[in-house]
Every structure is written in structure tokens, then in C-alpha cells.
Amino acid sequence: MAKAKYKALVVVESPAKARKISGFLGADYCVRASMGHVRDLPSSASEIPKSVKKEPWATLGINVDKDFEPLYIIAKGKKKTVDELKSLMKESAELILATDEDREGESIGWHLVKLLKPEIPVRRMVFGEITKTAILDALNNTRQLDEHLVEAQETRRTVDRLFGYTLSPLLWKRVAPRLSAGRVQSVAVRMLVERERERSRFVKATYWDLKAQLETTTGANFEAMLAAVAGKRVAAGRDFDENTGQLKPGADVILLGEEQANELRARIEGTDWSVASVESREQTRRPYPPFTTSTLQQEANRKLGMSARQTMQTAQRLYEDGHITYMRTDSVSLSGEAIGASRRAVETRYGEQFLSESPRNFTTKSKGAQEAHEAIRPAGTAMKTADELGLSGPEWKLYSLIWKRTMATQMADAKLLFQTVTIQAEDAEFRATGRHVIFPGFFRAYVEGVDDPEAALDDTEAALPPLAENDALKLDELDSLGHETKPPARFTEATLVRQLEAEGIGRPSTYASIIGTIQDRGYVQKQGNQLVPTFTAMAVTQLLERHFTKLVDYKFTAEMEEQLDQVASGEAERLPYLERFYRGDDGLDHQVKTNEEKIDPREACTLKLQGVTTDVRVGRYGPFIQTESDGETISVSLPNDIAPADVTSELTEELIERKKMGPQSLGMHPEEGQPVFVLIGPFGPYLQLGEVVEGEPKPKRVSIPKGVDPKDVDLDLALKYLALPRRLGQHPETGLVVNAGIGRFGPYVTSNKVFKSLGKDHDVLTVDLETAVELLKTAKPRGPVPPLKELGKHPDDGEPVGIYEGRYGMYVKHGKVNATIPKEREIDSVTLEEALDWIAARAGKTGGRKKAAKKKATRKKSTKKKSAKKKAATKNAAKKAAD
């Protein structure tokens, strides 16, 4: 037998990983990428082999009558990769599977073996970081494939396919096309919907208190809040019932209204103020554990504003470049080498006084933690900073977060002093609180973020001046303050990840794709950093709760997760679990068949919102309200950006009334001789000059800015908006024109193709040149946006092909051609071959559209000329009539 060309063929998932590892192993080893999964279940009918196409289970891709046997096919665009690996295997002495050390990585390795059918020895190589030491160590300590891990991943894939492909078609028939259901996805949506319902049920309460500005005898100032009157605590927000707006039963408090607060203020303003008591207590803060997948996603969202998907994509790049350890982990432990390296870095960079007395390690409490590797930390033992590694952009930000958190784990405790001072003014008791950082300890490197935007960070310095019992105080100012209770906060990505983990639903490694999927499927839209469920989400959740209660039950979903973990550990078997899930009276198959005919599509798409008299319907073109008037049915679309909890009876009545009245003219445009209308569309209220006439160009339209009530818009104001954009002058540095206008995303200022949105503090009609120039300095210059993932070079021109995230979801891009990635496609496993197919299809459509656009432009020119003549004739007629 001829001597093999390579000692081994080493297979990893990505080209970046392959390049890095190849550099460590040298020319004796051939390192190649599988480009993710090489085998999968069919994603469309066209991918189902002819031999089984007529089988009743073919659409599922799972033979439910033959031990739930999956129908695996070579993933789209992967045949070339598989053929190349087979060819290289013939030149290699052994096959080394170096895919990621988790369930999915184990599964990819198993599928490679099944496809490649190696006749050479096969070894499994695992590592937690891509450094030379770690790779060489892994090469010398290989193992066999873990069959339990493989079985667990295959069981998950089967369950998810059965769930999605059985329930989703029902949603298409009963609610709307292209919807999807998922084992974890549907439960995550339910969490958001339940929070929205809580906000709908919320009843606002009002309460008052007093704020005193006080001065010590040494001239130091501080403030204190009213705490009690005549020994009874003053009511605060926590004392009210969210559903009634009334004080909770048994709340022994005094509730002040505006009048009572003002009376109390008048009574105690002129009295003596003094310190009644001073309490101080020291507190020690210990550093948080190093990052897991979940805590990294939460902190990156809070501190950097990164979505879970962006966090994981950035972390993937850092890992593949050898900068951090593996980013999918439930573990908080650090290796001895990492602890030693971190302690040396702390001592060198911060000083010995900031080093903890002894090495710190943390233990994993996470239920069902699947990973045996470490927490997320800087790779290797050099512990270089982001600047020393030459990082930039998102990589710099995320790596810095990981570096600081790792350093903090080996730093000294922080010591804080909390002060509570009680102040007496007649029978009124005021309270002032302060905090002082005695020793910053690990705060010097890292401070945990908070979800409440009004909460103080741990290292906030807000000490009170020196005060002692019986000290006389001078009152500088006493104000009556009114407060309103706030509804429960909507979830952010950080708080949703935390809640999913707390409920035991899903696993941290899947949270990014879950949150991305529910947005891609139209169940959630982002408002700022809030995740707002859409009306579609409300309708689908309502249907699932009524007819498939168990499938969206938190406890049931968490138990499913635990049972899947038991399969991974070998404590449970795959087949009995799948039989229970799918068959029997409680099984998925029976539930869907039994309930499908019971579901009335009209009822499924009708939402009865709390406190709203008119029902909201979910239709093909979005949410709308419907009512009967004089025997006629009136339907009105709801604005696209309105949240379900923000719909009120007043709003629905106003929309219906406006629809009945039809377009209302504010008057005639003095120059154009056409009426100016105020209208409401899917994107909110807008102004329109003239009426829509078939065959003529669309009339000029401009959105009414948020914060401006359409009722307050008169003809004069409407004409100003319609006259936009407005020239502010020339930019002092470039000499180019600066304009202010209203666009698709609201008011803006612009110059030289750089745009900056105007916030609520600036009015598009009054903003001046100086303000605009300052705002433009903070704008991000328009330039090429870096791809979330580079797939490779286009074979025709060598130009890059990448994955990008746009306003309407994920897409692939080559040159000027953008092609949408199908919603059902997992982003992480998209291949270059697939992208090329989508781009080619899109380019074909674009070519056809260009021809059509040319024809349309010619027609438009002709119509414009006719329209101009018609306008001129109308103007002349109006002038003659006036004369």
C-alpha cells in the first residue's frame, strides 16, 4: 500500500478555523472545512428523493413508522465539499474530526463519518481554544465519537422537525401563510405576549410626595425624600396593584394627593429641620463569575447594544482567530493556567493591592450544562488587551468586555459604605441615602450592567456630607412631586435570555437563533431595545394556548429539555422519548388531528384587547379593526408601529370616525391649486397634496413627525411640511449644502450623503445650521457595511460574497446584488454554493425588472407631461374665476 501523502485529514467547520489550525499543524496535516452541516433533513419538497416522495411521512422527513428514522440528504451545495473530503481522505493515513466540542459539533462529526465511510482510523479531537499549545495538546489526546451526545442532538433535531412541520401548516391555514411554530420559539413568543397582556391590564395610579433640598452648617448640599408622616409610611409605587391602580390590600401607608402634598409642604416649610438618626453599614461586593454564553449575550446587549445574534457572530470570529475560548458554554470554571495568567496580568496592570488574597474559581450550577470546557475568556496565557491584539470595531468591544470580566474574577472584593439619614421636620420624616466606594477592588476593571435604566451601577459614588444626630439643617427648597406608576417593562434581549434560562427553556447556545428567528418570522419588532410582540404573535399565541396548551407550557417545555439532557448523558433512550412525544392521546400527532377542525379561522384571527371595545382582526395585510355603521362594514388598518398594549378605545374610535368622514382637506395649496389632506396609513399619519388619480404620478406625501398630533396640523403647518426639504445653508467645513427634511424614518438633517436623525429635542422646521452641523458630526458616515459572515469569493469575478443583516431580515450580497435568505434557513449553515444560487436567481429577476423599469419610466415621463398640462389648465381656470 502506497504511503499516505498526509498524516491525517483534519476536518473543522469553517475556513477561518481551518487556516488557523493548519498553521499550527504544518504541511503533514491536511486541514479542511466542512462548511457546517454536510447532511440534513430536506428543507423543501424539491429536495425529497423520488424513491420516498409518495410516502405519507415524506414531507416530515422523518419516517414515524420506522423508529422515527430521519431522512438525511446531502445539504444543498455540499456535494462538492463531500467529494473533496473523500478525495483527500484517500491521501491521508487517518481522519481526525475536529468539529466543535458540543452536541452539534459531535453530530457534524458523526454525519461526516456516515457520508465519507472512512476505511482509515478515525479519531475525535476536541479543544476549547485555538492556540498552538491547545491544538497540539488536543492532537495528542484524542477520543472516539460520543454516541450519547450524537443521539441527543439527533433526537433534538427530530423533535424540532416534528413540532415545526406538524404545527406550522395548521397556522398557515388558520392564521396566515409563512408562519412557523417551534418547540422553544413558540414559548419565547408566549413570554413576550404575556408581558404585553400585563401591560394591557395595567391601571395607572398617581401618588405625591415631597423632595427637600437641604444644607448643612458647613454649606454642603444634599437632597432628601419624604418617607413618613405622623409615623406612617408614605405610599410609593410598590404599594399599588397593577391591575386596579388601587393600594394593595393590607398596605398600611398614607396616600398623598396633590392637595395634601401642597398642604403638608406649606405647613413644614417654615419649621425647624434636623438630623434624627444616622445609620451606616459596610458591604462587600464580590466579582461575578466569568462569562457563559448566556451572561455574555446579556451583558453585550446591556452595555454594547449588541443583539444576541451579533454577539455570537462576533464571538465566533474572535474564537476562530484564536483570541477567546469556545463561546458556547454553560461553564463558569477557569483552568489553572488561565487563573494563573489572569492573576499575573492583574498584578502587573493594576497593582498587588487589587489582587484577591487567593485564586478564585467558580462552579457551574446550570442544570443540564452540556459543555465540559471552560468559561469564555481570553485564549492562551498572554492575556493581551484588545489594543495589544490590534482589534477594532465590534471585536474590540466584545473582547474588551470578556478581558475585563476575566480580570475581575481574580481581583479583590470591592468595599462600599451605605448611609441612611433620617431628617425630622415636625411630624414629617424625610430620608436621605448615600453610597461611598471605600475600596474599588474589581470595580477598577469591571462593573456588571443593569436592566433597569434608572438603577445606579454598583460603582456609583453618591456619598452624603458628614452628618450627625441632632445636627441643624437649613431648608433651601421644598417641592411637591407627582408620580405615576409604570407598567411592567417589556423584555429586552438581555432580560428575555435571562428569563428563558431561569425557566429552563432552550439552552444558551440556541438563544441567539431563537431571538433572531422570532424577529425574522414577524412575531416581534424592536422599538429601541424593547422586544414588542406583533398582533400576529398575539393571535398565534392565543390559538396555541386554547388548543395546544401543553405545547406552550413553560414547565412542559423545560421538562422536555431535561429529558433531552438525559438522552445526552445516557440516562434515557431516544425511541421511548419520541414515542411519548408524538404518539398516544397526549402526543403531538393526535392533538393536531383532533384540534385542527375545531379551530375557526375568524375566531383565531380575532383579538379582544383589554379595555378596547372594538375587536382587532389579524389579516393578510396586517392588523385592522372592523365595525358596522348604517348597515355598512367599515375596516380600518392599524398603524404598523403600534404595540398591542398601546391600542385604546379612544384610538380605535378616532380611526373609525376618520374613515367614516373620509379624507379631510385642510384647504387648497395656494400655488398648486390642489387640496391638502391629512391621512393615516400603515406607517402613521401623513399629509398628501392632491388626490390619487389612476394613471397619474402619485401625489406628494410627507409623514407627520411623531409627537405632533394630526389634529393640531392646520393648513399653514401642513404647507411648511410639504415644502421640505429646507435648505439651512452651507457646511462651514465642506461648503456643501445642509438640508433638513422628513424621510422614511422621520425627520433628519443631511449634507454630502451623510444623514442624522433629529430626536424629540429638535424640530425639523426650526433646526438651524449650527445645530445641524453639530449633529452631523455624530452621524456615522455612510460606507461599506462589513458582512456578518464572509462566505468566500464569487467564482466569476473573485469579489466577496457575504451575509448581511438588513431592516427586513438576513440577506446575501455580491456586488450590487442582494438576495434574501429564506426564512426557514439557519444562518450559521448557509454555504457559498447556496448563496451563489440565490444571487443568480435574484440577478435574473433584477435584469427583467430593469427592462420593466425603463418602460415604466418612459410611461411616467409621458404621464408627467400630461399632468403638468392639466395642472396648468386648472390654475388658469382658477385665475380666470378669481378675476
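Colleague: Is Arg-431 buried or partly exposed?

Modeller: First, a word on the ground rules: this is a predicted model in which local features need pLDDT of at least 70, side-chain atom pairs count only at pLDDT 80 or more, and totals for chains, interfaces and linings use all residues. Residues are numbered from 1 along each chain as its sequence is written, and side-chain values use heavy atoms, leaving out hydrogens and water. Buried means under 20% relative accessible area, exposed over 50%, and partly exposed in between, with a 1.4 Å probe and protein chains only. Arg-431 has 35% relative accessibility, so the class is partly exposed.

Colleague: Thanks! Which residue forms a salt bridge with Arg-431?

Modeller: A salt bridge here is a side-chain nitrogen of Lys or Arg within 4 Å of a carboxyl oxygen of Asp or Glu. For Arg-431 the closest N and O atoms are 3.0 Å apart, and the partner is Glu-429.

Colleague: How many residues apart in sequence are the parts that Asp-565 and Arg-507 tie together?

Modeller: These two form a salt bridge with closest N and O atoms 2.5 Å apart. Helices (H or I, at least four residues) and strands (E, at least two) are DSSP runs, numbered from the N terminus. Asp-565 lies in helix H16 (residues 554-569) and Arg-507 in the loop between helix H13 (493-503) and helix H14 (508-520), so the parts tied together are apart in sequence by 58 residues.

Colleague: Which helix holds both Arg-190 and Glu-194?

Modeller: Their side chains meet in a salt bridge of 2.9 Å, N to O. Arg-190 counts as buried at 16% relative accessibility, while Glu-194 counts as partly exposed at 23%. They sit four residues apart, about one turn of the helix, in H6.
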